[in-house]
Amino acid sequence: MNCLDYFYFLLGRKDYSASELNKKGREKGFEEGEILDAIAQLQNLGYQSDSRLVASLIASSTGKYGKSVVKRKCREKGIDGDLFEEVWTQQYAETEDGEEEKLDGLKAKIMRKYKIEDWRKVDPKTKGKILNYLQYRGFNGFELWQQWQREPESD
């Protein structure tokens, strides 16, 4: 099995970044030149794209995780931070309304989970739990908290 066939096999199962393919090729014992040629050929054919992988990661984690968690996942896959920022701004511009709906869903989930009726009357212990919950998922908890506290006033 040559390097290109091995990469076809891998990409047939799931998307990999170019960095991950390079690492897997080296682990399998292929030469660096052969690996780079195979990756370039796959990218020319459109079978491998780091920007498509980033867009997929962003779409699958929207409403579940914040920007920092998605960026960390991309960094773990060997994707450049500049590429992530570029795709993030492009995706966010396209799905701004969808993002609002998903944040509303997150807000409703938190309100059910912690039995919150008024965001301005939450005890400090519960507030800490909510901020940790949001931060763990990569959201800016303080920013969302302030936004959610202001919303009832504007209605």
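**Helix packing and buried positions in a predicted model**

At 8% relative accessibility, I116 counts as buried, since the cut-off for burial is under 20% relative accessible area. The model is predicted.

**The loop residue I116**
- I116 belongs to the loop that lies between α7 (96-114) and α8 (124-136).
- Beyond its neighbours within four places in sequence, I116 is in contact with I110, M111, V122 and I130.
- The C-alpha atoms of I116 and T126 are 9.4 Å apart in space, and these two residues are 10 residues apart in sequence.

**Packing of α2 against α3**
- Helix α2 (residues 18-28) packs with α3 at an angle of about 145°, and the two axes are 10 Å apart.
- The crossing that α2 and α3 form is right-handed.
- On the α2 side, the contact is made by A18, L21, N22, G25 and R26; on the α3 side, it is made by E32, I35, L36, I39, L42 and Q43.
- By residue class, the contact of α2 with α3 comprises 6 nonpolar, 3 polar and 2 charged residues.

**I35, a buried residue of α3**
- I35 is placed in helix α3 (residues 32-45) and takes part in the contact with α2.
- Its relative accessibility is 0%, so I35 counts as buried.
- With neighbours within four places in sequence left aside, the contacts of I35 are C3, F7, N22, G25, R26 and F30.
- I35 and K24 are 11 residues apart in sequence, with a C-alpha to C-alpha distance of 9.4 Å.

**E20, a buried residue of α2**
- E20 is located in helix α2.
- E20 counts as buried because its relative accessibility is 17%, and the cut-off is under 20%.
- Apart from neighbours within four places in sequence, E20 is in contact with D15 and K77.

**Helix α4 and the residue that follows**
- Helix α4 (residues 50-61) has 12 residues, and from its first C-alpha to its last it reaches 17 Å, close to the expected 16 Å.
- Which residues of α4 are buried? They are D50, L53, V54, L57, I58 and S61.
- G63 follows α4 and has a positive phi, near 85°.

Methods: Residues numbered from 1 in each chain as written. Predicted model: local features only at pLDDT ≥ 70, side-chain atom pairs only at ≥ 80, totals over all residues. Heavy atoms only, no water. Helix = DSSP H or I, 4+ residues; strand = E, 2+ residues; numbered from the N terminus. Expected span 1.5 Å × (residues − 1). Buried < 20%, exposed > 50% of the residue type's maximum accessible area, 1.4 Å probe, protein only. Contact = heavy atoms within 4.5 Å. Axes fitted to C-alpha atoms, helices over the stretch in contact; angles between N-to-C directions. Left-handed = near helix turned anticlockwise from the far one by under 90°. Nonpolar A, V, L, I, M, F, W, Y, C, P; charged D, E, K, R; others polar.
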